[in-house]
Structures are given as structure tokens and as C-alpha cells.
Amino acid sequence: MKIVVIGASGVLGSRVADLLAERGNEVVRANRAAGVDAYTGEGLAGAMAGADVVVDCLSVETLSAKKAIDFFRTTAHNIGRAATAAAVGHVVCVSIVNADDPAVNAKFGYYQGKAAQETAYRDVVEPATLTILASVQWFELAEQMMGRMAVGPVAIVPKMRCRPAAAEDVAKVVADTATTAPAPVEAGGFRKIEVAGPAEMDLVDVAKAVAARRRSPRWILGAPVGGPAIRGGGLVPANPDVVTPTTVEQWLARHADAPAGSAR
């Protein structure tokens, strides 16, 4: 299969592209370095020529609702239209569990952007060829927050009640979805797959576990950001379609010796 991975240089996209290539697929790693800009649309048509599947793993570093909505809506429209024009049989968009819930995204701009992304894809891609794969937060997010929001021996991590998963496990689900024919959808509906980790916990507790193993930073403080829904379990899927196997303890044993904030 010829599979185009948009955002193939990111934490998730790089893993997805590697997995797909290991399985013998022809993988097009579509990013700016390869001359493909999903925001402007440059290079999309050429990248998708003859493609069987397109996987959108894009992300953007912003907490601004305006910037996130503009980025995700624009890129989704461009990718979706290019995929439709190229008669791509399956479009997979990686999103976030419950990001489309107004109670969850009301005070979290990035999630408003992901909600706009899902809507944009549904506007321009036929339901029969579209899959929204909604993932929970990754263990790696706690690492990244520790690296970005640290002052001396103190790191600040947002309080987020969720069912976190290892990015490598989520990447495997994305790769499996990309190489499987889309499941039928009911008239007027669309296909969404929810992926969750094995246990419900707070992202702050993931960060504390990482810090304890590394013996740094000395203190982890939870920040009440994003509103009560995010802190109170609004990010926890009620009935996930896929539950990933790696526990935080197993993930720590494999990854926690790398520098905090590293993208792997």
C-alpha cells in the first residue's frame, strides 16, 4: 500500500511512519522538509498521487484557541480536499478523546482546534472513507510538560484526569487502522475509534512517577488549568474501542532514563 503520513516528523507521526514502512508499505513522509506544507497546501497533490491511505498526525505548539482552530481547520480542509481529488480510499485523522465536547474544550484552546479539525474533515471527506482516531493523552505529554514548565527543582504539570497511554502503543493502533479497510458506517454517521491506556490516573501522577525514577525534578506541582471538566474526568473515554497494554511502570522501565522533555 502507498500511505501518506502527514506530520511524519512528530512524536506520533514518526513512529507511525516507521511502523508502516517496517510492514512493507510504501510510505510518503509528508512534511515541510519534503516540500509538503499542509497549511498552505503546497505539495499535497503530488504526495497523494496514487496513495491508498492518508494519515494526519499533525500537531501545533500553541494554547491559543484562535491559532489552533485556524491551523487544524485549514490543514484538515487542505488534506481532505487533496485526498478526495486523488481518490484516496481511506483518510485517518488522529484526534483527542472528547476534544469535541464543549465542556472539555471550553477553556483549552488546543482542544478547540482539534474539535474544529474533526468537523472540517467531516465537511470535506466522504464518511465511508474517513476514520477519526481519538487518542487519550500520552505518557510522553507529562515528560514534555516537565521540560517546558520547570523552574529550578520545581516542575509544573496540568491537572488532567485521563487514561494515558504510551505513544508507541497509540502509533501501533494508528498503523493497524491505516492498513485495515474502513469499517462500514451508518447513514448520516461517521467512524470514530477511541484509544485509551490501561488505567485511569492524573497526568500529574505520571510526572511524579517519572521524577521519582530520575530523582529530578525534586517537586512536581499540579496546575489547575483547562477547566473543571479536564481536571474531573472529562478526558476519560466511557467505552474505549481499544485499550493499550503498556502500564506507566512498564513505560518508565523502558523510557524514563532519557532527558525530560525529549521527543521520542
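**View 1. Lys114 is a buried lysine without a salt bridge.** Lys114 is buried yet forms no salt bridge, and the nearest side chain of opposite charge, Asp56, is 6.2 Å away. Here, buried denotes under 20% relative accessible area, exposed over 50%, and partly exposed in between, with a 1.4 Å probe and protein chains only. A salt bridge requires a side-chain nitrogen of Lys or Arg within 4 Å of a carboxyl oxygen of Asp or Glu. For charge, Lys and Arg count as positive and Asp and Glu as negative, while His and the chain ends are not counted. The model is predicted: local features need pLDDT of at least 70 and side-chain atom pairs count only at pLDDT 80 or more, whereas totals for chains, interfaces and linings use all residues. Residues are numbered from 1 along each chain as its sequence is written, and side-chain values use heavy atoms, with hydrogens and water left out. Lys114 belongs to helix 5 (residues 109-124); helices (H or I, at least four residues) and strands (E, at least two) are DSSP runs, numbered from the N terminus. Leaving aside neighbours within four places in sequence, Lys114 is in contact (heavy atoms within 4.5 Å) with Leu58, Phe72, Val94, Ser95, Ile96 and Ala99.

**View 2. Strand 3 pairs with strand 1 and with strand 4.** Strand 1 (residues 2-6) runs parallel to strand 3 over four bridges, and four bridges also join strand 3 to strand 4 (residues 90-96) in the parallel sense. Strands are said to pair if DSSP finds at least two bridges between them. Val54 of strand 3 stands opposite Val4, and the bridge partner of Val54 in strand 4 is Val91. From strand 3 (residues 53-56), Val53 and Val55 point one way and Val54 and Asp56 the other, and all are buried. Together with helix 3 (residues 65-85), strands 3 and 4 make a right-handed β-α-β unit; right-handed means that, with the strands pointing away from the viewer, the path from the first strand over the helix to the second runs clockwise.

**View 3. Ala87 and Asn98 have positive phi values.** Most residues other than glycine have a negative phi. Ala87, in the loop between helix 3 and strand 4, has phi near 55° and counts as exposed at 63% relative accessibility. For Asn98, phi is near 65°; this residue lies in the loop between strand 4 and helix 4 (102-105).

**View 4. An open sheet of three strands has the order 6-7-11 and mixed pairing.** Strand 6 (150-151) and strand 11 (219-223) stand at the edges with a single partner strand each, so one side of each is left without a neighbour in the sheet. Two bridges join strand 6 to strand 7 (residues 154-158) in the antiparallel sense, with Ala150 opposite Ala155. Ala155 is buried, at a relative accessible area of 0%. Beyond four places in sequence, the contacts of Ala155 include Met146, Pro217 and Trp219. Pro217 lies in the loop between helix 8 and strand 11 and is joined to Ser216 by a cis peptide bond, with omega about -5°.

View 5. In helix 10 (residues 248-255), the buried residues include Val248, Trp251, Leu252 and His255.
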